[in-house]
Amino acid sequence: MFRYVLRRLLQAIPTLLGVSIISFVLVNSTPGDPILIRTFDPNITQETREILRQQLGLDQSLPLQYIRWFTGYMIRPGNVVADFQTDKVSCRYLPFLGQTVCDTGGGIVRGNLGTSISTKQPVWDRMVERMPATLELGVASLFLTLLLGVPLGVLSAVKQGSWFDNAVRFLAVVGNAVPAFWLGIMLIFLFGVYLGVLPTGGRQTLTLENEFDVVDRLRHLILPAFILAFGGIAGISRFMRTETLEVIRTDYIRTARAKGLPGSRVWFVHALRNALIPLMTILGPAITGVLTGAVITETIFAWPGMGRLTFSAAVQRDYPMVLGAVMFFSLLTILGNLLSDILYGVVDPRVRLS
Amino acid sequence: MSVNEAEATPSPAKILALEPQMKRDPQTFWGMAIQSLRRDRLTLVAIGFLAVLGTLAILAPVITGILGVGPNDTNPEIAFSPPYLAPYIEWRLGLDLETAPRILGKTDGVAHWLGTDQLGRDQLARLLYGGRVSLGIAFVAAAITLVLGVTVGTIAGFFGGMVDDVIIWFINTLVSIPGIYLLIIVSAIFKPNPMTLTLFLGLLGWFGTARLIRGNVFKVRELDFVTAARSIGAGNGRIMLQHVIPNSLPIIIVNAAIDIGVLILVESALSFLGLGVQPPTATWGSMLNRANNLMFLRDPETGSYLALHLLVAPGLLITLTVLALYLIGDGLRDALDPMMKNAR
């Protein structure tokens, strides 16, 4: 088991490297001068811009820029220690390579995601600031997904062929076809505008400022959490239905029935417990799904989370911010898949060996 | 004894000669699939819906020409005009003789069957023209994803080994970046027009198809007919084109229907966020772009919500179209893979 986990972890490393290369190249292939985006001030002279460009390493080739962004080490030909040495940057000339290597203190491997262009704050700080909101929404929607999806799926398998089963299956298909953003708009209109019983967006009533009011928070949370959970409910109910149907066809269920156990005991002790095992394996992607997939939900409901942060950063062309967020979300996705692979190995020993 | 028995059971040819109604034409795989589809009413309704929608979208210029409206004809005077359809029916039935003529009077006698938007543009015309863009993007992008997915998936599955390792690493890497962010970055940076958006969606959407095809090819390449083909000297290219890909065809077809549906959803979400097709070109998603602000607007006299028809129509159309495509996908799966039907 340990070797299996280790192998999976090692396999994640080249994937993460690939992700960093692809997102870096993508964001840096943008038309437009990144220095001009940083220095809108007309008082800044052309020389200052050039010095800034050199300091940020933006005059270098793309692979060298990538190395600098990834590791924090800037590599330049010749002995240029004097040009780049500052109190923050320590440089060293390596005579056998003919290159100067400067340690800029950054680099995403060291957890430094750089500085946001629009607010000049560290990217990581801005993300941490938004994390609680995204976590709150994600946990709530995951809770709703499981709370509604699992019983719906199991019940529809128990009552296979009934009107309830047909209704759940129909809802699952429709649930996949409805655009989440449109459903969100319709619910905001119905509950927020027409009935006026729920707020139309945000995480809390603005007049409350920093006061913490549980009821107010929950009223803001319910609609976005439901919209974010909606696709998952459809997916999980379908998944649980298939799994339950598979379990009740097994011999041990027939045995349990044959020895005269009451139906409820067969269902809940023998069938449900075994049908729930495969659910563990899709939990990993489900968790990353609600954390990373919140961008549309957060935008519609003006929810101050990381998805909306990334979206507005992309619109404002705040590249370090976008890159940092994408790396973070990709890491989450890789970890989620890893978790589900490991759980799969725990549940099904055959997987470990292949 | 054995001679008598042989006489008692006549050969199949003789039975057919005696009873011609027993004769049955040989059935092919595709023939059986079509027969199975013909009995599947839900799928037929879905196909019919999509066909009508496609025809209307293709004929958009003709239809709007007849109605005397255009998708980008603005007229602030008649902004937020309510749909004319329901009042017209009530007028014709004699239930309400006032509303319909009043609406018509305000719009200078031009009937806006589904109302107008905040700039006074006819919603029906925009839906029809938007359908052209939305459906066109989704179909062409799906074609790109299919070509790429089938090619890469077949190559990975057929050759296996190093080739497969590299391809799978590449795919795993790209699916590790959440797709919606990848699309948001690309569209925020490059400000797409319908053509480039189609390309982005196609180039970023083939990973799932490739994995699916790869899995199937792994199974097919071990089968005896592939060995047989190789034994008579067929090369790799011939085996892939003649034997492996045709055996993936059912998967490809089912996947295509669902893929188009997914692409419509993705394109509409992007356009809704303002990152997809740029205004004034209408797509179903971009028509909902201002919905968040418009939903609050009320008629000062009657208090009714002005933009309700603008919130409902595009979303409903997206839902129905995607639903139709998913149902077609399900129906095709049943028709093309009879084993699946029994398993459910």
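Among contacts in chain A between residues at least 6 apart in sequence, what percentage join residues at least 24 apart? With that settled, please describe in detail how helix α8 of chain B packs with helix α12 of chain B.

A: The model is a predicted one. In chain A, 68% of the contacts between residues at least 6 apart in sequence join residues at least 24 apart. For chain B, residues 24 or more positions apart account for 73% of the contacts with a separation of 6 or more.

The part requested lies in chain B, which has 17 helices and 0 strands. Helix α8 of chain B covers residues 123–159, and helix α12 of chain B covers residues 207–220. A packed pair of helices is described by the angle between the axes and by the distance between them. Here the angle is about 35° and the axes are 7 Å apart. The crossing of α8(B) and α12(B) is right-handed.

On the α8(B) side, the residues that meet α12(B) include B:Thr145, B:Leu146, B:Gly149, B:Val150 and B:Phe158. Their counterparts in α12(B) include B:Thr209, B:Ala210, B:Leu212, B:Ile213, B:Val217 and B:Phe218. Among the residues that α12(B) brings to this contact are also B:Arg211 and B:Arg214. Sorted by class, the contact of α8(B) with α12(B) has 10 nonpolar, 6 polar and 2 charged residues.

One residue of this contact may be followed further. B:Thr145 lies in helix α8 of chain B. B:Thr145 counts as buried because it has 26 C-beta neighbours inside 10 Å, where 20 or more are required. When its neighbours within four places in sequence are left aside, B:Thr145 is in contact with B:Gly202, B:Gly205, B:Trp206, B:Thr209 and B:Asp259. B:Thr145 and B:Leu327 are 182 residues apart in sequence, and their C-alpha atoms are 20 Å apart in space.

Chain B has a radius of gyration of 27 Å, whereas a compact globule of 344 residues would have one near 20 Å. Along the principal axes, the C-alpha atoms of chain B fill a box of roughly 100 × 60 × 35 Å.

Buried residues account for 33% of the 354 residues in chain A.

The two chains touch: 38 residues of chain A are in contact with 32 residues of chain B. Of the elements in chain A, α1(A) gives the most to the side that touches chain B, with 8 residues. By class, that side of chain A has 27 nonpolar, 11 polar and no charged residues.

The largest nonpolar core has 143 residues, and those with the most contacts inside it include A:Val322, B:Ile184, B:Ile185 and B:Leu263. Leaving aside its neighbours within four places in sequence, A:Val322 is in contact with B:Ile185 as well as with A:Val27, A:Thr310, A:Ala313 and A:Ala314. By contrast, helix α10 of chain A is hardly covered, for the count of buried residues among its 8 residues is 0.

Conventions: Residues numbered from 1 in each chain as written. Chains lettered and ligands numbered in written order. Predicted model: local features only at pLDDT ≥ 70, side-chain atom pairs only at ≥ 80, totals over all residues. Axes fitted to C-alpha atoms, helices over the stretch in contact; angles between N-to-C directions. Helix = DSSP H or I, 4+ residues; strand = E, 2+ residues; numbered from the N terminus. Left-handed = near helix turned anticlockwise from the far one by under 90°. Contact = placed C-beta atoms within 7 Å. Nonpolar A, V, L, I, M, F, W, Y, C, P; charged D, E, K, R; others polar. Buried ≥ 20, exposed ≤ 12 C-beta atoms within 10 Å, placed from the backbone. Core = buried A, V, L, I, M, F, W, Y, C linked by C-beta atoms within 7 Å. Rg over C-alpha atoms; globule rule 2.2 N^0.38 Å.
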